[in-house]
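Please find below a briefing on the structure shown here, arranged by topic.

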Amino acid sequence: MKLLILIGLVLLIIAVHQLMRVVELSRQFKKGNEWSVKDSDNAFNGKAMLAFGFAFIGFFFWQADRWNDNALPGAASVHGLKIDTLWDYNMYLVVLVFVITNAVLFYFAYKYRGTKDTKATYLAHDNRLEMIWTIVPAVVLAFIIIFGLKYWNEITDRSTDPNKITIELYAKQFDWSARYAGNDKTLGETDYRQIDGGNSVGLDTLDTKGYDDIIVKNEFHIPVNREIEFKMRSRDVIHSAYMPHFRAQMNCVPGMITEFKFTPNKTTAQMRKDPYVIQMMAGINEARALKGDEPIEFDYLLLCNKICGVSHYNMQMNIVVESEKDYNAWLAKQKQVKPLAAK
Amino acid sequence: MSHEHSADLTGHLGHHDHAHDHDEHEESFVSKYIFSMDHKMISRQFLITAIIMAVIAMTMSIIFRMQLAWPGEKFAFINAMLGDKWGKDGILDPNMYLALVTIHGTIMVFFVLTGGLSGTFANLLIPYQVGARDMASGFLNMLSYWFFFLSSAIMLSSLFIEDGPASGGWTIYPPLSALPEAMPGSRLGMTLWLISMTLFVVSSLLGGINYVVTVINLRTKGMKMTRMPLTIWAMLITAILGVLSFPVLVSCVVLLICDRSLGTSFYLSDIYIGGRPLDNVGGSPVLFEHLFWFLGHPEVYIVLLPALGISSEVISTNSRKPIFGYRAMIGSMLAIGFLSFIVWGHHMFLTGMNPFLGSVFVFTTLLIAIPSAVKAFNYITTLWRGNIQYTPAMLFSIGLVSSFVTGGVTGIILADSTLDINVHDTYFVVAHFHIVMGLSAIFGMFAGVYHWFPKMFLRMMNKKLGYLHFWITFICAYGVFFPMHFLGLAGVPRRYYTNSAFPMFDNLVDINEIVTVFAIIAALGQFIFIFNFFYSIFRGEKAPQNPWNSNTLEWTTPMAHIHGNWPGALPVVHRWAYDYSKPGSPHDFIPQTVPLADGEQDGGGGH
């Protein structure tokens, strides 16, 4: 096989060599040169630019249509809805600029394709025009900045809700765990030196506040319509807690506690009944059927979104959003760490 | 028009009666081709090294794209490229996947688009276009190339070691990159990466200082700053950015080396790995991120500005029109250069950095959109009522304007910290920076090669192969990177070995396949360029002195590579570089060496 490829390559090189000799020999019989740009070249490339412009913008809309039901479903958190609205307005603007600017560019590239007899217009500058395209973007950007920062401040403000639930997300190569504060509503202190097989998140065994903490793996539950304050930590390298359905993301940095808060507003069950989600899941299950995999139902996910090592691609945790009653029932069934920590 | 004037238009200087008193001493092979101090030779050395590096980085991208489109499939190609250790049975190893992504990024950003682009065109064009005999220091210039070469060799050597090359992503965030327990790529491969990058910075600084000094001190008579071609302005600003920001990368790297080898804790704290707690306390990976991006963001413009400079020159020449808003173009490049130093935090909105600091960076980052918009609109206005000559260089320059706009607008989304929350580190970002920085810069580089090939190798590249190369590249480039936006909208994170480990992304297989198919075609298309390039070096048509009827000084040098560039006296400059199709002139170009006629005004702005 390798020999065949080698022979093929050698033959290809010989063929190209011969071909180029023919080209070189025929060059001597032609008048003029081959490199200079002829009117026909300009005509061809100018028209191709126009065709490309149409195809390009068409390709954009084709993709937007075709892959429309692949995008993440609408936000499942209160602040996420605001992000979605802001996203939409910004995106309309950006798509408008993208389409118009590219259209004008490719149109000019077609329209002003050169010929021997044309002379270009000498236009070195025009202060008025340049003022326009300095000031118009500046004004538009001012709006983008003002709205962006308004939401940013709201989203990243410290949580002040007295009714909030605090959950710690703890990342390590290559899985997540979530820690609930327990009855005293206070997370126990931690010390990374105390990490061992029975103390995976490094609880400080002297801190009694940690005795009623609850640590879960693989899946964690949160109640709908309550503010959840996440505290993120990492054991080894930087990870990033990415919860795309809630429009939430924050890095988990060793040596630091980072924070993000949001209020989920749709339960997992509600999401599964959402028409968009049903359509999206149909697409996923169709693709899975082709692979011979079983159909699945929608679930919220926590993903790692900062390169963290060999299994970075497979570091996720299910999130279940449910009514407060179901949440309380679930939490009551979870084991407190006390017996482990007190030993 | 005087007789002397039209004589000048044939491309000769007023000095052709000077005797050739330049002594052409014999040169050895080594001093001419290897340890050359001539800017033209050094430029060619940079270019050819960069082409080799680019082919390697491109091949890497094909390997990991195949994995992403058809995960778990067996490919003889992958086995042939990586051997049984990393490509057992033709399936890419997950550690190698990360290594390929890392080295692909490193090579493309630093070795191709920084070293290759600036190294080639700053070296070629600065002495030529400002009318200098050579760089201010030929010796430092030679060292610049050889440090670049050494650094490239070390980076490539890391591909052949047992644990594999660095694989923490091109941004090498610690602790992942600092701890040998974290991944195999953080062992010897990371050490080599750090050594290689340090040497790279040495090369870049030696080059950069030389470029700045040459532009400031060695301009020929009459070459005022406001008469310089935009290529030179771009190279000057790029060099200043590099000189100011690359040292910070070195400090960042040195601290990382200390953490790795000397037991310090600049970036490390509270870590439990490999079954034991580490002693390091008090450091912060966020410090690394600040230092890294203090270089990393100016770096984006170090990559982009030379390409914008090249395209300004090419678009003006081939539209047969002056560049629109010459002074605004300079002003916007200066503004971009300045702003690029105060925006680094937009890479760090979600790192745990104080969100208030984040909002400051939102503000400064979005300001960059203004000078960028000015540049884009000025390019388009330059085309308006032009007489566009479609050389391959011109095609690539128009491609650059398109990708600069297309990739630039998504920057407005990403710079908005609120919107960044959900697309940060997803394929939306991958699409954005590949289009705005990758494509624009590589298109600029291709434009430069096609445009100045006659000056570099005294022959012409084949035009038709150039057209074919452009159209394949342009179509496939958008075919590769545009669909990635939609992966990002679906929430697909970057640097995932496969998107099928869990079901969330199962419906995106077709997008990944489209991307990969376009990538393979694009990669094959580059061999047209490579063939055309090397073939034309030896067998291309002989180039005339000024093939594109261009105004700048490099086209007044004779078609031979001589020391000192001009036989006899240096040319004297009388006008700016953009007198194309000026009313009252019988020709559609007036070289910079032609004196102003009575009552004729110079330049495009400021009066």
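**Core and overall organisation**

B:Leu236 touches B:Tyr211, B:Val212 and B:Val215, leaving aside residues up to four places away in sequence; two residues are in contact if their C-beta atoms, placed from the backbone, lie within 7 Å. The model is predicted: local features need pLDDT of at least 70, side-chain atom pairs count only at pLDDT 80 or more, and totals for chains, interfaces and linings use all residues. Residues are numbered from 1 along each chain as its sequence is written, while chains are lettered from A and ligands numbered from 1 in the order in which they are written.

**Nonpolar core**

- The largest nonpolar core has 285 residues, and those with the most contacts inside it are A:Leu169, A:Ala241, B:Met235 and B:Leu236.
- Helix H5 (residues 94-130) of chain B gives the largest share of this core, 22 residues.
- A nonpolar core is a set of buried Ala, Val, Leu, Ile, Met, Phe, Trp, Tyr and Cys residues joined through C-beta atoms within 7 Å.
- A residue is buried if 20 or more other C-beta atoms lie within 10 Å of its own, exposed if 12 or fewer, and partly exposed in between, with C-beta atoms placed from the backbone.

**Chain B**

- Chain B contains 17 helices and 2 strands; helices (H or I, at least four residues) and strands (E, at least two) are DSSP runs, numbered from the N terminus.
- Of its 607 residues, 64% count as buried.
- The radius of gyration of chain B is 25 Å, which agrees with the value near 25 Å for a compact globule of 607 residues; this radius is taken over C-alpha atoms, and the globule rule is 2.2 Å times the number of residues to the power 0.38.
- Along the principal axes, the C-alpha atoms of chain B fill a box of roughly 85 × 50 × 50 Å.
- Among contacts in chain B between residues at least 6 apart in sequence, 80% join residues at least 24 apart.

**Strands of chain A**

- Strand E5 (residues 228-234) of chain A is largely enclosed by the rest of the structure, because 5 of its 7 residues are buried.
- Strand E1 (residues 165-172) of chain A runs parallel to E5(A), joined by 7 bridges; A:Glu168 has A:Lys231 as its bridge partner in E5(A).
- E5(A) also pairs with strand E8 (residues 258-262) of chain A in the antiparallel sense over 5 bridges, and A:Phe230 has A:Phe260 as its bridge partner in E8(A).
- Two strands pair if DSSP finds at least two bridges between them.
- An open sheet with mixed pairing is formed by 5 strands of chain A in the order E4-E10-E9-E6-E7.
- Its edge strands, E4 (219-223) and E7 (248-252) of chain A, each pair on one side only.

- The 30 residues of helix H4 (residues 127-156) of chain A should span 44 Å at 1.5 Å a residue, and the end C-alpha atoms are 42 Å apart, which agrees; the expected span is 1.5 Å times one less than the number of residues.
- Buried residues of H4(A) include A:Trp133, A:Leu141, A:Ile144 and A:Trp152.
- The buried residues of H4(A) pack against helix H3 (78-111) of chain A and against helices of chain B, including H10 (326-339) and H13 (392-414).
- Across the interface, 97 residues of chain A are in contact with 108 residues of chain B.
- H4(A) supplies the largest share of the side of chain A that touches chain B, 16 residues.
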